[in-house]
Amino acid sequence: MAIGQVGATELDVSPDEWSELLHDILQRTRYDFRNYSIRLIKRVLSRQLRIYQFADLACLRSAVCANMETMNKLTAGFMVHVTEMFRNPATFRYIRHRIVPELGHLPFIRIWIVGCATGEEAYSFAIMLYEAGLLERSRIYATDIALDVLAEARRGCLTRSKFERFESNYRLAGGEREPGEYVERDGENGYFRAELRRRITFSVHDLTADVQFQDFDLICCRNVMIYFNEELKNKTHRLLLSSLRASGFLVLGDKETVKFSDVETHYIHLDQQAKIFRKVESKGGCGYERHPESGQGSECASG
Ligand SMILES: C[S@@+](CC[C@H](N)C(=O)[O-])C[C@H]1O[C@@H](n2cnc3c(N)ncnc32)[C@H](O)[C@@H]1O
């Protein structure tokens, strides 16, 4: 086979052939991509073969095992960090008008943003809670598997193009203030104000590991499970269910649902357009033991 031929077309190899490579990745890094979707695995591996002009997966495997930089480039491909402020504004509009007022009845509000990437969802929630006068009694935990995006999330930096997107999505999501109020300008870029940042804790959390938290009032896990196979989707669903308090809210991405999953009967679907679900009642026992240190989710706060 000519060099680069595999990567130039759709990857046509069996799962057995890439499972060894995924196993090597797990051994050499902390990342376990073995239960990511076949579509993503094929896409990432095809791309790497094309970029490096490797003849086949065996060559790619030798290269990543010999060179950590090549390994890091490969693992980065599995983590798609696309996000934006008030992404899918209709969902945020629903949350602003229907969910935030309900959260307002609670003495303290605990929110978990799962797979937060560069943090835009966390800042979007912080802004809505601030406008409802609830931010001071809220804590937003925002987690991701990738360290580099978490560092960016903590900086809270908005480039000009990100800010423009923020402005238009904010309005579509029912925002009525000036988005510029939330950002301090520094040259071309802006940075989210300290009042917002103070209520958000960014830390590492990997959904392929079994660590769960407890008693969240709302969990937002959007556009993360689309990259998982059915087994890991179900495992994630069980973990999220265990981490939500009774009557808590689950927000998923537009292409995601609890339907056909192990936890389907534990939720009611609140809105057909926005993928927002409410935990019906605590039925207990969904296969997760409480993590010994998780307590009230305090280890979430240590990142
Ligand atoms: C497409 S982004 C979604 C960002 C945001 N939730 C949104 O919808 O705009 C997916 C994020 O999931 C993260 N991710 C992938 N695998 C993960 C895992 N096993 N545990 C936690 N986060 C993961 C990626 O690093 C990435 O930042």
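The model is predicted: local features need pLDDT of at least 70, side-chain atom pairs count only at pLDDT 80 or more, and totals for chains, interfaces and linings use all residues. Residue numbers start from 1 along each chain as its sequence is written. The protein has 11 helices and 10 strands. These are DSSP runs, numbered from the N terminus: helices are H or I with at least four residues, strands are E with at least two.

**Overall fold**
- Of the protein's 303 residues, 38% count as buried. Buried means 20 or more other C-beta atoms within 10 Å of the residue's own, exposed means 12 or fewer, and partly exposed lies in between; C-beta atoms are placed from the backbone.
- Among contacts with a separation of 6 or more, 77% join residues 24 or more positions apart. A contact means C-beta atoms, placed from the backbone, within 7 Å.

**Helices α3 and α4**
- Helix α3 (residues 38–52) packs on helix α4 (residues 57–66) at about 80°, with the axes 10 Å apart. Axes are lines fitted to C-alpha atoms, for helices over the stretch in contact, and angles run from 0 to 180 degrees between N-to-C directions.
- The pair is therefore roughly perpendicular, a term for angles of 65 to 115 degrees.
- L45, Q48, L49 and Y52 of α3 meet L57, L60 and A63 of α4.
- By class, these contact residues are six nonpolar, one polar and no charged. Nonpolar covers Ala, Val, Leu, Ile, Met, Phe, Trp, Tyr, Cys and Pro; charged covers Asp, Glu, Lys and Arg; the others, Gly among them, are polar.

**The sheet**
- Seven strands form an open sheet in the order β6-β2-β1-β7-β8-β10-β9, with mixed pairing. Strands pair if DSSP finds at least two bridges between them.
- β6 (200–204) and β9 (267–271) are the edges; each has a single partner strand, so one side of each lacks a neighbour in the sheet.
- Neighbouring strands are turned by 20° against each other on average, direction ignored.
- β7 (residues 216–221) and β8 (residues 244–252) pair in the parallel sense over five bridges. C221 has L252 in β8 as its bridge partner.

**Ligand shell**
- The ligand has 22 residues around it; M79, T83, G115, A117 and N223 come nearest. Near means a C-beta atom, placed from the backbone, within 6 Å.
- The shell holds 10 nonpolar, seven polar and five charged residues.

**R238**
- R238 lies in helix α11 (residues 230–243).
- R238 counts as partly exposed because it has 19 C-beta neighbours inside 10 Å.
- R238 and S261 are 23 residues apart in sequence and 9.2 Å apart in space, C-alpha to C-alpha.

Terms used: Two residues are in contact if their C-beta atoms, placed from the backbone, lie within 7 Å. Angles under 35 degrees count as roughly parallel, over 145 as roughly antiparallel, 65 to 115 as roughly perpendicular and the rest as oblique.
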